[in-house]
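Below is a set of questions and answers on one protein model, for use beside its sequence and coordinates.

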Amino acid sequence: MLELRRVKKSYDGVTILEDINLKIQDGEIVSILGPSGCGKTTLLNLVLGLTPADQGQIIFDGKDITNVPMEERGFNIVFQDYALFPNLNVYKNITYGLRNKPDISTKEEVDEFIDLLGLREHLNKKIEQLSGGQKQRVALARTMVMKPKILLLDEPLSALDGVIKESIKEKIKEIARDFHLTTIIVTHDPEEALTLSDKVLIVNKGHISQYGAPEEIITAPSNNFVKEFILNQLEIKKNNIFALFHQDLTRNAQVV
C-alpha cells in the first residue's frame, strides 16, 4: 500500500499542495484529476521522488520512503511526451533500461511485454515511423520491462483520440490487472478518469476535494467544485458516464 500523510509542498513560498492524506491499495488504478495548476503533476513527482516533500510522510509497504532517492524507490513513470530515443529502434528503446540492470527481466519476459502491447511487427522501426498510439505502447513496454513497484502515467491519453485512445485505456487496465500493478495516472479529463480508474482523486487549489470510486464521485459529489468540474465544466452528461462506466464493468466481468 502507498500512503501519504499530511504532505505539503511549496515553491518559492507559494503552497502547491497542502495536507494531502491518501491511501492507495496494491493493484489499484487511481487517477489524479483536476484543472491545470491544481497540483496534480507535483503530487505525481512527490510519489516518484523527483521532488521532495516539505512536510509529511510518504509510506510504501510500511516503510517511510519520504527521503528515499527516486532511483531507490523502484517506481517508474511514462511521461506525456513519451521521452523515447529517436536514434534507437523500437526494440532498443524497450530494452534500454536493461543495459544497466540486465537481470530485471529475462528475454522471455521482454517478449511477453512486446506481445502484450502488440509491438512485434514494429521492433525494427525508428520512433519517427510510429503513430502516437504506437509510441505510447513503446513507452509502456520500456517501463514494464523494468518491473516497477508502482506505475506512474502523466496524461497518457492526451495526445490520442478515438479507437487508439480506447485501445491504450484497455492496455493500461489489462497491465494493472494481470500484474497486480498499482497505477497512478494524472489527467485533466473527467471521462478518462471515471472510466479508467478504480478510484479518482480530485484536486483543487492544492487540496483534496474528493477521493472515491467513480460511482461515488458521480452520485455523491462532495462539493460544488466537484459537481461542476465533473458534470458542467467539460459538459459530460451523467448518463453517458454511467453508460461508459457500466460498459467497462460488464467487459471486465466477462474477462474474469
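Helices (H or I, at least four residues) and strands (E, at least two) are DSSP runs, numbered from the N terminus. The model is predicted, so local features need pLDDT of at least 70 and side-chain atom pairs count only at pLDDT 80 or more, while totals for chains, interfaces and linings use all residues. Residues are numbered from 1 along each chain as its sequence is written, and side-chain values use heavy atoms, with hydrogens and water left out.

Q: In which strand does Ile16 lie?
A: The strands are DSSP runs of E, at least two residues long. The run that holds Ile16 covers residues 14-24. This is strand 2.

Q: Is Ile16 buried, partly exposed or exposed?
A: Buried means under 20% relative accessible area, exposed over 50%, and partly exposed in between (1.4 Å probe, protein chains only). Ile16 has a relative accessible area of 22%. Ile16 is therefore partly exposed.

Q: Which residues does Ile16 touch, not counting residues up to four places away in sequence?
A: Contact means heavy atoms within 4.5 Å. With residues up to four places away in sequence not counted, Ile16 touches Lys9, Ser10, Tyr11, Cys38, Gly39, Thr42 and Gly206.

Q: How far apart in space are Ile16 and Gly37, C-alpha to C-alpha?
A: In sequence, 21 residues separate Ile16 and Gly37. In space, their C-alpha to C-alpha distance is 8.5 Å.

Q: Where is Ser31 found, and is Ser31 buried or exposed?
A: Ser31 is part of strand 3, residues 29-33. Leaving aside neighbours within four places in sequence, its contacts are Ile185, Thr187, Ala193, Ser197, Lys199, Val200 and Leu201. Because its relative accessibility is 1%, Ser31 counts as buried.

Q: How many of the nine residues of helix 1 are buried?
A: Helix 1 spans residues 40-48 and is mostly covered. Its buried residues are Lys40, Thr42, Leu43, Leu44, Asn45, Leu46, Val47 and Leu48.

Q: Why does Asn45 count as buried?
A: Asn45 is found in helix 1. Not counting residues up to four places away in sequence, Asn45 touches Leu50 and Thr51. Asn45 counts as buried because its relative accessibility is 16%.

Q: What covers the buried residues of helix 4?
A: Helix 4 takes in residues 107-116, where Val110, Asp111, Phe113, Ile114 and Leu116 are buried. The cover over these buried residues includes helix 3 (90-94), helix 5 and helix 6.

Q: At what angle do helix 5 and helix 6 pack?
A: Two packed helices are described by the angle between their axes and the distance between the axes. Axes are lines fitted to C-alpha atoms, for helices over the stretch in contact, and angles run from 0 to 180 degrees between N-to-C directions. Helix 5 (residues 132-144) and helix 6 (residues 162-178) have axes 10 Å apart, and the packing angle is about 15°.

Q: Why is helix 5 described as roughly parallel to helix 6?
A: Angles under 35 degrees count as roughly parallel, over 145 as roughly antiparallel, 65 to 115 as roughly perpendicular and the rest as oblique. The angle of about 15° therefore makes helix 5 and helix 6 roughly parallel.

Q: How do the residues of the contact of helix 5 with helix 6 divide?
A: Helix 5 contributes Gly133, Gln136, Arg137, Leu140 and Met144, and helix 6 contributes Ile164, Ile168, Ile172 and Ile175. Ala, Val, Leu, Ile, Met, Phe, Trp, Tyr, Cys and Pro count as nonpolar, Asp, Glu, Lys and Arg as charged, and the others, Gly among them, as polar. The contact residues are six nonpolar, two polar and one charged.

Q: What is the phi of Tyr82?
A: Tyr82 lies in the loop between strand 6 (75-78) and helix 3. At 11% relative accessibility, Tyr82 counts as buried. Although Tyr82 is not a glycine, its phi is positive, at about 75°.

Q: Is Asn100 buried or exposed?
A: Asn100 sits in the loop between helix 3 and helix 4. Its relative accessibility is 71%, so Asn100 counts as exposed.
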